[in-house]
Amino acid sequence: MAENGADCELPQRRVGTTKEQQNGSFADPCSLSERKQRDKEERITLVLWRRPIVTLQYFFLEALIDLKEWTLRLWQRSGMVLTVLVLFTFFSMAYSIEGTHQKYVQYMEKKFLWCAYWVGLGILSSVGLGTGLHTFLLYLGPHIASVTLAAYECGSINFPEPPYPDKIICPDEEGAEGTISLWTIISKVRLEACMWGAGTAIGELPPYFMARAARLSGADPDDEDYEEFEEMLEHAQTAQDFATRAKLAVQNMIQKVGFFGILACASIPNPLFDLAGITCGHFLVPFWTFFGATLIGKAIIKMHIQKLFVIITFSKHIVEQMVSLIGAIPAVGPLLQKPFSEYLESQRAKLHHKAGEGTPAGENWLSWVFEKVVIIMVCYFVCSIINSMAQSYAKRNQQQKYSEEKTK
């Protein structure tokens, strides 16, 4: 009996704040908690590889609901929408009318699209609360590595534009060996790296606004991550496992230190930073305190740490040492060393390939494997979005049933 009372203590506190008395009695909190757990287990089964038809149906219904909500929000912000349309019209006119200004317009268009591309990849990386697309490993990291290898091979970072950044080719006048330094490579990739970091900072905003709105409204949050956060705070004194203690340490640092605590957590590769947005929203940390610290930490400090790691790892002498070490592996070493050496040679040949000189040798199996890995990860990310939206629609229906039962 004592154990049952303890199990029902948390649901009683949570439900008691929102359940209205019906016919002189309250609903059993234990049964409600069990029902929510069953509903959660049922939602988890809504995935494409188990229930494809229902999952796709719920996905399209949730997409229609989200489209309707976004349309209403845009209608409520008609002034901002009108301003954007006027600016877009002005830019379109400047883009279509011939004149000396065309080169400046085209330059602005190129830079804007390049920045928007990396910001979008950054948002995709962090918006999923830890389940996003790992765009640093798939896109930004390989881009920095390619620039690093090309800089050492060409002896210069003045790659002809175009085709850079779509394709890297050594300039006609190659620099002297030893003129490339760590800082010259950092300056070459600084814009895309900082834009990617800014995108990851923007991706941390949804949990912040969700937690802040739930705290200000005083209503039960319709988010399981926020519910787990509240449970963690209520059991802070009795937490034993390492994961919970680590989350509490992050939460205490952010709550007590404020701006510099958020900055410290955002400035290092921190898998627990997903909790920062919920923590700051729950404790009503001002928006610019949270976003400013997150932006500085992720777009400036953390990105320079990650860039340094990639550039040092793919420096010419480090890569050559790695290939030689692969050859030292007993039995399979020489077999693995050969494709890596061929891949590096093919990349070097591409860097010196000029227009009209014929096509370089085809890709080896390493390039083929990497391309397939990228395709698989992107497909998995798309599937995870479909599953998440389908589960969101199922949760919406379950919440609606709870609300209807309250009014009966």
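What share of the 408 residues in the protein chain is made up of buried residues? Buried residues (under 20% relative accessible area, with a 1.4 Å probe and protein chains only) make up 35% of them. This is a predicted model, in which local features need pLDDT of at least 70 and side-chain atom pairs count only at pLDDT 80 or more, while totals for chains, interfaces and linings use all residues. Residues are numbered from 1 along each chain as its sequence is written, and side-chain values use heavy atoms, with hydrogens and water left out.

Next, select helix α6 (residues 135–154) and helix α14 (residues 287–313), whose axes, as lines fitted to C-alpha atoms over the stretch in contact, come within 9 Å and cross at roughly 55°.

Now show the side chains at the contact (heavy atoms within 4.5 Å): α6 contributes Phe136, Leu140, Gly141, Ile144, Ala145 and Thr148, and α14 contributes Met303, Gln306, Lys307, Val310 and Ile311.

Finally, move to Ile168, which lies in the loop between α6 and α7 (182–188). With a relative accessibility of 15%, Ile168 counts as buried. Selecting Asn158 as well shows a residue ten positions from Ile168 in sequence, with the two C-alpha atoms 10.0 Å apart in space.

Methods. Axes are lines fitted to C-alpha atoms, for helices over the stretch in contact, and angles run from 0 to 180 degrees between N-to-C directions. Helices (H or I, at least four residues) and strands (E, at least two) are DSSP runs, numbered from the N terminus. Buried means under 20% relative accessible area, exposed over 50%, partly exposed in between (1.4 Å probe, protein chains only).
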